[in-house]
Amino acid sequence: SGDGRFIAFQSHAPNLVTGAVADTNGTQDIFVRDLAMGTTSLISINSGGSDSAACSGAFCGASLEAGSHAPAISEDGRYVILNIQEGYLTNAVYYQKLDAPGAKVVEMLDDWDARYDFLGNDGETFFFKTKLDAPKERVLAIDLKRPELDNWREVIPQTDNPLESVS
């Protein structure tokens, strides 16, 4: 996070958390370390609230049994973003609120229809660079309160030349 409080990471280690939801699946999981509180939380749990091993299928709930996940913390420290991918052309994006105890992982972009690169957020608006309907890329804004495709806003349109760098 921007203030350095949170760190998101991926690990196969089974001994990073204890308590109600222990890491028992023997595979990679996503964790968030809160440096201010000295705690580590398991993020990759299934929709039933238990370790992702209690789930079947590649992406059941927030189960992370395959692919690369590249976790990130939003600049404001309110969200952990999970970039789920198998290959390079498409991905899914999930998020979890860090400032809401017990919050579930939300499957935000789960259609595998394009590549979405998280750029940042302004409160509950997330910004993504994407190739969705734009082979040379564009930037979209998605409001978490109204995440349906019809509500997405184009911030930087595709042009004749590729969009090379956005921050």
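User: Buried means under 20% relative accessible area, exposed over 50%, partly exposed in between (1.4 Å probe, protein chains only). Where does Asp34 fall, buried or exposed?

Analyst: Asp34 is buried, at 8% relative accessible area. Bear in mind that this is a predicted model: local features need pLDDT of at least 70, side-chain atom pairs count only at pLDDT 80 or more, and totals for chains, interfaces and linings use all residues. Residues are numbered from 1 along each chain as its sequence is written, and side-chain values use heavy atoms, leaving out hydrogens and water.

User: Which residue forms a salt bridge with Asp34?

Analyst: Arg5 does, with the closest N and O atoms 2.7 Å apart. A salt bridge here is a side-chain nitrogen of Lys or Arg within 4 Å of a carboxyl oxygen of Asp or Glu. Arg5 lies in the segment before strand 1 and Asp34 in strand 2, so the pair ties together parts 29 residues apart in sequence. Strands (E, at least two residues) and helices (H or I, at least four) are DSSP runs, numbered from the N terminus.

User: What about Glu124, which partner does it meet?

Analyst: Lys145, in a salt bridge of 3.5 Å, N to O. The two are 21 residues apart: Glu124 is in the loop between strand 8 and strand 9 (125-130), Lys145 in the loop between strand 10 (138-143) and strand 11 (153-156). Glu124 is partly exposed at 24%, and Lys145 is exposed at 64%.

User: New topic. What is the order of strands in the open sheet?

Analyst: Three strands, 1-2-3, with antiparallel pairing. Strands pair if DSSP finds at least two bridges between them. At the edges are strand 1 (6-11) and strand 3 (39-42), each pairing on one side only. Neighbouring strands in this sheet are turned by 25° against each other on average, direction ignored. Axes for that are lines fitted to C-alpha atoms, for helices over the stretch in contact, and angles run from 0 to 180 degrees between N-to-C directions.

User: How many bridges join strand 1 to strand 2?

Analyst: Six. Strand 2 covers residues 29-34, and its Asp29 is the bridge partner of Ser11.

User: Now Asn91. Where does it lie?

Analyst: Asn91 is in strand 6 (residues 91-97). Asn91 is buried, with 0% relative accessibility. Its side chain reaches the backbone nitrogen of Tyr116 at 2.7 Å. Contacts (heavy atoms within 4.5 Å) of Asn91, leaving aside neighbours within four places in sequence, include Gln85, Leu109 and Trp112.

User: Gln85 again: buried or exposed?

Analyst: Buried, with a relative accessible area of 15% for Gln85. Gln85 is in strand 5 (residues 79-85). From Gln85 to Ala70 is 8.7 Å, C-alpha to C-alpha, and 15 residues in sequence.

Notes: Polar contact = N/O pair within 3.5 Å; in protein donor to acceptor, adjacent residues only side chain to side chain.
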